[in-house]
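Please open the model in your viewer and keep the selection panel at hand.

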Amino acid sequence: MTSTAPGRPPVSPWVLSAFWFGTAFHWLVLLLILMPANVETFVGSASKGTYLGALVAIGAVMALVLPPLVGAQSDRTGRRLPYLRLGVGVNLVGLAVMGFAAMTLSGMTGFWVYVLGFLLVQFGNNYATAPYSALIPQLVPPEQRGRYSGVMAMLQAAGQLLGAVAAFVVGLLKLPVVVSFVLIAVVLLLPALVTMRGIPEATGTAPIRAGGRTLSVTELFAHQAFLWVFVTRVLFALGQYSVQPFLQYYNRDVLGQRDAGTSTSIMLACIIVGSILSALVGGRISDRVGRKPVIYVAGSTMAVAALLLLVAPGYEAALALAVLFGLGFGAFTSVDWALGSDAMPSASSYARDMGIWHVAFVAPQMSSAPQGALLDWGNARGGNLGYTLVFGIAAVFFMLGVLLVRRVPDRAQRTQLAH
């Protein structure tokens, strides 16, 4: 089979990216709304940052190891959809375990059952990710990847917006926590079915041999485009995970919001509205002017917004900065997958290589553990010092990403081994 589809791709960008809509809803509600609240219920307020950071880091280990291995197996078999089906199924089981722990258990016993459920969620979601991620470079010609990446970013942002609204409504009505877990499961499953039914079953039914030889991991990182895309993605993800898990605590401790869960939902909605505005436009612009100029503007905008959040005079000002951050984040996301797809050097190993590239986004989640400990350490010294340190570090990571993305060779100067 061919590695990329000549001319018109066999599936629309909306069908191809539908799974990201459900996944975005899933992770926003789980990571930013449910987990901070559930962890604090299990372990108490004094250690909430440490335990939440540790939980995110434990899940990141699973997400670090699994995608490259599953991706390599997917390349050998030439199949994508069976991995997506099984992964979604395990993900749903994990959500059920987490919901059971949050509803019926307490203390450290409840916490460790909750951890078990989260590991199942991470296993299932990442089992599906690498084979699924390979579909963009495999099916979409390079000149259309910006548009497809923009649609993906827009659907991600829409899923996140729906998640923020749903979390707000659940909090406002004070519904049981099980309602949130059921919503996550339903919104994850339905878009996944759209993607699975919309992608031709013939996509990847035999080992992929026509796209050039498979590089060793050492050779892959010797390919300059892949190396620098990987490095810059790590930096942007480090900036994101320096702040994202702790937004609910920031709303309560710094902005003085009594209902921190609802306030965080509104703030997330502002971020997402900004990202929707810039996502589709950013992808299309990148097809014309290149990926890197969009990254320069996006990363600088996120860094400035992160720093200004430290001096926001109140909640309303913080919401305006959240919109600004969202504009940068949406533009970055719209280019992210296109830049990664452009950097894949060999079409014979798309799933494995996209799995390795995915590590650049997942591995930085492990920074949540030391960042959570740093947050508790700084705040124990007064003056919300912990938030100053964590948000300041995030801005540094974003700016390093902006500076180093210049090292990524221009697409016109690269040739894939597949051609």
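**The whole chain**

Of the chain's 419 residues, 59% count as buried, where buried means under 20% relative accessible area, exposed over 50% and partly exposed in between, with a 1.4 Å probe and protein chains only. Before you go on, note that this is a predicted model, in which local features need pLDDT of at least 70 and side-chain atom pairs count only at pLDDT 80 or more, while totals for chains, interfaces and linings use all residues. Residues are numbered from 1 along each chain as its sequence is written, and side-chain values use heavy atoms, with hydrogens and water left out.

Now show the C-alpha trace, which spans about 60 × 40 × 35 Å along its principal axes. How does the radius of gyration of the chain fit with a compact globule? With 419 residues such a globule would have a value near 22 Å, and the chain's 20 Å agrees; the radius is taken over C-alpha atoms, and the globule rule is 2.2 Å times the number of residues to the power 0.38.

Contacts (heavy atoms within 4.5 Å) are worth a look too. Among those in the chain with a separation of 6 or more, 86% come from residues 24 or more positions apart.

**Stop one: C270**

Select helix α12, residues 260–289, and find C270 in it. Is C270 buried or exposed? Its relative accessibility is 17%, so C270 counts as buried. Next, display L319, A322 and V323: C270 is in contact with these, leaving aside its neighbours within four places in sequence. For a distance check, pick G59 as well; C270 and G59 are 27 Å apart, C-alpha to C-alpha, and 211 residues apart in sequence.

**Stop two: aromatic rings**

Show the aromatic side chains, among which the structure holds 18 pairs. Rings of Phe, Tyr and Trp (its six-membered ring) pair if their centres lie within 6.5 Å; planes under 30 degrees apart count as stacked, over 60 as edge-to-face and the rest as tilted. Zoom in on F123 and Y127, a stacked pair because the ring centres are 5.8 Å apart and the planes are at 20°. The two lie four residues apart in helix α5 (residues 107–133), so about one helical turn separates them. F123 is partly exposed at 30% relative accessible area, whereas Y127, at 18%, counts as buried.

Finally, select F236, F325, F329, F332 and F398, which form one aromatic cluster.
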